[in-house]
Amino acid sequence: MKFFRRFAFSRDIGIDLGTANTLIYVSGKGVVLSEPSVVAMDLNRGVPLAVGNEAKLMLGRTPGNIRAVRPLRDGVIADFDAAEQMIKYFIQNGNEGRSMISPRLVIGIPSGVTGVERRAVRDAAMAGAREVHLIDEPVAAAIGAGLPVTEPVGNMIVDIGGGTTEVAVLSLQGTVLSESVRVAGDELSDSITNYLKKVHNLVVGERTAEDIKIRIGSAFPDDEHDERSADVRGLHLLSGLPRTVNVRAGDIREAMTEPLNVIVEAVKRTLERTPPELAADIVDRGIMLAGGGAQVRGISDLISNETGILCHVAEDPLLCVVNGCGRVLEDFNRMNRVLDAYEVSMRSQV
């Protein structure tokens, strides 16, 4: 009876452990949490003060005894202790009100990470878990976007996250080929920061750069949109004083050209290596875009223009990876072939 209670009251959990945002899927409930991947640590006591939305508000605004950090960079763990605290917090809050006893975890990670980086993710998530399975993000994104990955047809997914862009061709629950580049949403924001510093001598924080990208950023020329503008506040390098400048959407698009070209070239290289039969399927079915970067205005038009293949943006691009993890959990026996073949289920010692 004790053994039965142990598993009857546990809910399996899917995690999209993203550079910019972490999302939690709880079996039987759906997506229950979506918050920024940010932790504010009390350096004197070594404990987290805030996680998620509350911690993001502290970025660039903390005193000396508090450090607000993003524990993941380029899709991998850069600060192990902060990442572990963040994962524990999100799991506890995502499954609030339940007896969280030894769940099975399925975590989406970039396909291009090393074995050491995979182990770091698994170890950070192991506390209290019955099993930890890793799934490549493009596979999870394709499942979450509703692509028929179990059928013998070619499906192409481009998952543009915060730290990495994943390009993959899938068929029969397997990855035929894939490419991962560590250029994505963060690099788009960084290019805006560099543009403002170089052209306007204005220093802005990452939150401000991200806000500009969301408000007026675009990837493909649009005469009407390119005339839009926005006021940007920051620190003027020459005077050392706060200053406001007005920037045009067309200039921001030009500033983002370099990282956008890296993403496009990754798509082209993957297409060039695709077997002919699968390439024909992709031409017929198009390319699916997922991830937060898919929401950049005109990015589907840019990829379509450069490849000659129609691009579609998933219905909920931000939720594709976590929904894919959730669908694997809900139909684990049938879908477990998509999980990392090199990962062994880890059991806790409780």
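R273 is partly exposed, with a relative accessible area of 44%; here buried means under 20% relative accessible area, exposed means over 50%, and partly exposed lies in between (1.4 Å probe, protein chains only). Its salt-bridge partner is E179, at 3.8 Å from N to O. The term salt bridge stands for a side-chain nitrogen of Lys or Arg within 4 Å of a carboxyl oxygen of Asp or Glu. R273 belongs to helix 10 (residues 257-273) and E179 to strand 13 (residues 174-181), so this pair ties together parts that are 94 residues apart in sequence. Helices (H or I, at least four residues) and strands (E, at least two) are DSSP runs, numbered from the N terminus. E179 counts as buried, at 16% relative accessibility.

A word on the model: it is predicted, local features need pLDDT of at least 70, side-chain atom pairs count only at pLDDT 80 or more, and totals for chains, interfaces and linings use all residues. Residues are numbered from 1 along each chain as its sequence is written, and side-chain values use heavy atoms, with hydrogens and water left out.

## Salt bridges

Side chains of opposite charge can pair when their charged atoms come close. By the rule above, the count comes to 21 salt bridges. Here are three of them.

| Pair | Closest N and O atoms |
|---|---|
| R122 and D123 | 3.9 Å |
| R248 and D251 | 3.5 Å |

R122 is buried, with a relative accessible area of 6%, while D123 is partly exposed at 32%. For the pair R248 and D251, R248 is partly exposed at 33% relative accessibility, and D251 is partly exposed at 28%. Salt bridges also link R70, R73, D186 and E206 in a network.

How many residues of strand 11 are buried? In strand 11 (residues 155-160), 6 of the 6 residues are buried, so the strand is largely enclosed by the rest of the structure. In a regular strand the side chains alternate between the two faces of the sheet. Strand 11 is covered on both faces: N155, I157 and D159 are buried on one side, and M156, V158 and I160 are buried on the other.

Two strands count as paired if DSSP finds at least two bridges between them. Strand 11 pairs with strand 12 (residues 165-171) in the antiparallel sense over 6 bridges, and the two form a hairpin with 4 residues between them. Within this pairing, N155 stands opposite L170. Strand 11 is also joined to strand 17 (residues 287-290), by 4 bridges and in parallel; there M156 stands opposite I287.

Strand 12 also holds V169, which is buried with a relative accessible area of 0%. The C-alpha atoms of V169 and M156 are separated by 4.5 Å, although the two residues are 13 apart along the chain.

Another part to look for is an open sheet of 3 strands, in the order 14-15-16 with antiparallel pairing. Its edge strands, strand 14 (202-203) and strand 16 (242-248), each pair on one side only. Strand 14 and strand 15 (residues 229-236) are joined by 2 bridges, and L202 has H236 as its bridge partner.

Helix 6 (residues 185-200) lies across strands 14, 15 and 16, at about 105 degrees to strand 16. Such angles run from 0 to 180 degrees between N-to-C directions, with axes fitted to C-alpha atoms, for helices over the stretch in contact. Helix 7 (residues 206-216) lies across strand 15 and strand 16, running at about 170 degrees to strand 15.

Technical notes. Contact = heavy atoms within 4.5 Å.
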